[in-house]
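Trainee: Could you pick one loop and take a close look at it for me? After that, please carry on through whatever else deserves attention.

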Amino acid sequence: MKIGSVTLPSPFAIAPMAGMTDTAFRRLVKRHGGCGLVVTEMVSSEGLVRGIDRTLEYAEYTEEERPISIQIFGGDPEKMAAAAQIVEGMGADIVDVNMGCPVPKIAKHNAGCSLMREPEHAASVIGRMAKAVKIPVTVKMRAGWNDAERNAPTLAKMMEDAGAAAIAVHGRTAAQSYSGTADWDLVKEIADALTIPVFGSGDCIEPEQVIARMRSGVEGVLVGRGVLRNPWILAQAADLAAGRPARAVTLEDRGRFLLDYIDLLLHERIDDARVVSQDRWVVNKMRALGSWFTKGLDNGSHLRTAINTADSLNALTKTIEDFFLLHATARIV
Ligand SMILES: Cc1cc2nc3c(=O)[nH]c(=O)nc-3n(C[C@H](O)[C@H](O)[C@H](O)COP(=O)(O)O)c2cc1C
């Protein structure tokens with residue numbers, strides 16, 4: 001499948017998740033296969049234009065992640081166009097616009113999902129960006145602002161007309177946040193109506209669900225929380241799509257994933273002014289992932305508590321080794 005001139009090796013992608021889908025995580029998921037596109041955490045257009053270090057850190061990526069999409073947020077057409085040019089200059093393959101974030105801090109600045117409430121203005125943002133860069137401009141939106149404003153079908157068409165090269169739709173409204181379920185009928189309706197590729201997003205926890213959503217008519221599926229629980233879900237979906245059984249993932253594989261993640265995080269360049277110590281930063285990152293990764297595991301809540309109470313990176317590493325690797329050895333024996 002293609003987004004503009006960019007070819008994706010697979011229609012399955014990691015959804016952007018602030019605080020979670022950093023470059024280390026994206027690389028690890030990608031190494032396990034099945035992932036056609038990765039998207040950065042959302043990055044402030046304002047911060048990019050002003051060259052703020054912390055903002056630039058969020059936009060960092062490595063070559064092995066390609067094709068890479070950098071997601072930006074903002075509401076000012078000129079600044080968004082300038083930020084898109086910066087993203088293009090950083091070598092990204094795609095620039096994505098966040099029109100889904102419901103968090104008031106973002107939405108009140110005329111950015112994120114509040115852009116959906118001003119369709120003409122949103123179209124001018126995309127139009128301005130599409131003229132400013134050669135790389136494809138894509139949009140990620142929700143079903144709408146609230147139940148009274150489920151305007152994603154109209155807005156998606158307007159974005160296509162304004163020059164967007166692909167649309168992703170999370171089938172919930174901003175008012176819903178993460179409650180209820182994603183409306184995939186709405187996503188399908190948009191996919192049927194547009195000529196550009198449409199990705200659906202929402203509630204795929206099992207690889208079979210990813211395949212079922214693809215069959216419903218979207219060109220691609222973005223998986224968010226499902227990847228945090230099971231980083232192999234895209235690889236397993238690719239197995240199923242190829243007519244193979246989904247690969248098995250052992251407890252040991254899961255433990256290795258966490259240890260590899262620690263290893264990669266320890267090699268990340270961190271702004272010293274921001275973090276007291278790299279170890280502490282890694283512990284916090286592991287806690288964030290642990291809250292998702294332990295869901296659905298036998299004894300997962302114990303592990304979650306142990307990860308959250310480990311008082312050093314060494315203690316955390318030992319907790320992971322004990323839970324995943326000792327268990328695994330015991331099981332084989
Ligand atoms: C912790 C978290 C952070 C998120 N951050 C972003 C973000 O930065 N940009 C964005 O477009 N969507 C963001 N989302 C929404 C996801 O990309 C996705 O559309 C949503 O979670 C529904 O998909 P899922 O059910 O597969 O998780 C975030 C979701 C979560 C859970």
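Mentor: Pro67 sits in the loop between α3 (53–58) and β6 (68–73). Helices here are DSSP runs of H or I with at least four residues, strands are runs of E with at least two, and both are numbered from the N terminus. What to look at is the peptide bond from Arg66 to Pro67: it is cis, with omega near -5°.

Before we go on, a word on the model: it is predicted, local features need pLDDT of at least 70, side-chain atom pairs count only at pLDDT 80 or more, and totals for chains, interfaces and linings use all residues. Residues are numbered from 1 along each chain as its sequence is written, and side-chain values use heavy atoms, leaving out hydrogens and water.

Now the ligand. Its shell has 16 residues, and the closest are Pro16, Gln71, Ser201, Asp203 and Arg225; to count, a residue needs a heavy atom within 4 Å of the ligand. By class, that shell has 7 nonpolar, 6 polar and 3 charged residues. Nonpolar covers Ala, Val, Leu, Ile, Met, Phe, Trp, Tyr, Cys and Pro, charged covers Asp, Glu, Lys and Arg, and the others, Gly among them, go down as polar.

A polar backbone atom of Pro16 is 2.8 Å from an oxygen atom of the ligand, and an N or O atom in the side chain of Gln71 is 2.8 Å from a ligand nitrogen. Lys140 has a polar side-chain atom 2.9 Å from an oxygen atom of the ligand. The protein covers 89% of the 610 Å² of accessible area that the ligand has on its own, going by the Shrake-Rupley method with a 1.4 Å probe.

Asp203 is one of those closest residues, and its place is in the loop between β10 (198–201) and α9 (207–215). Its phi is near 70°, a positive value in a residue other than glycine. Asp203 is partly exposed, with a relative accessible area of 26%; on this scale buried means under 20%, exposed means over 50%, and partly exposed is in between (1.4 Å probe, protein chains only).

Asn299 is another residue other than glycine with a positive phi, near 65°. Asn299 lies in the loop between α13 and α14 and is partly exposed, at 44% relative accessible area. Thr294 is in the loop between α13 (278–293) and α14 (300–309) too, but Thr294 counts as buried, because its relative accessibility is 1%. Leaving aside neighbours within four places in sequence, Thr294 is in contact with Gly300, Leu303, Arg304 and Ile307, where contact means heavy atoms within 4.5 Å. The C-alpha atoms of Thr294 and Arg304 are separated by 6.2 Å, although the two are 10 residues apart along the chain. A polar atom of the Thr294 side chain also lies 2.7 Å from the backbone oxygen of Gly290.

On to the helices. In α7 (residues 152–162), Ala152, Leu155, Ala156, Met159, Glu160 and Ala162 are buried. Down the axis of α7, these buried residues fall within an arc of 165°, so they line one face of the helix; the arc is that of the directions from the helix axis to the C-beta atoms. The general rule behind such patterns is that an α-helix has 3.6 residues a turn, so residues three or four places apart point the same way. Thr154 and Asp161 are exposed on the other side of α7. The buried residues of α7 pack against β7 (94–99), α6 (119–132), β8 (137–144), β9 (166–173) and α8 (184–193). After α7 comes Gly163, with a positive phi near 120°.

In α8, the buried residues are Trp184, Leu186, Val187, Ile190 and Ala191. They fall within an arc of 155° seen down the axis of α8, so they line one face of that helix. Asp185, Asp192 and Ala193 are exposed on the other side of α8. The cover over the buried residues of α8 includes β8, α7, β9, β10, α9 and β11 (220–223). At the start of α8, a side-chain oxygen of Asp183 comes within 3.0 Å of the backbone nitrogen of Asp185.

Conventions
A polar contact is a pair of N or O atoms within 3.5 Å; within protein, one must be able to donate a hydrogen and the other to accept it, and residues adjacent in sequence count only if both atoms are side-chain atoms.
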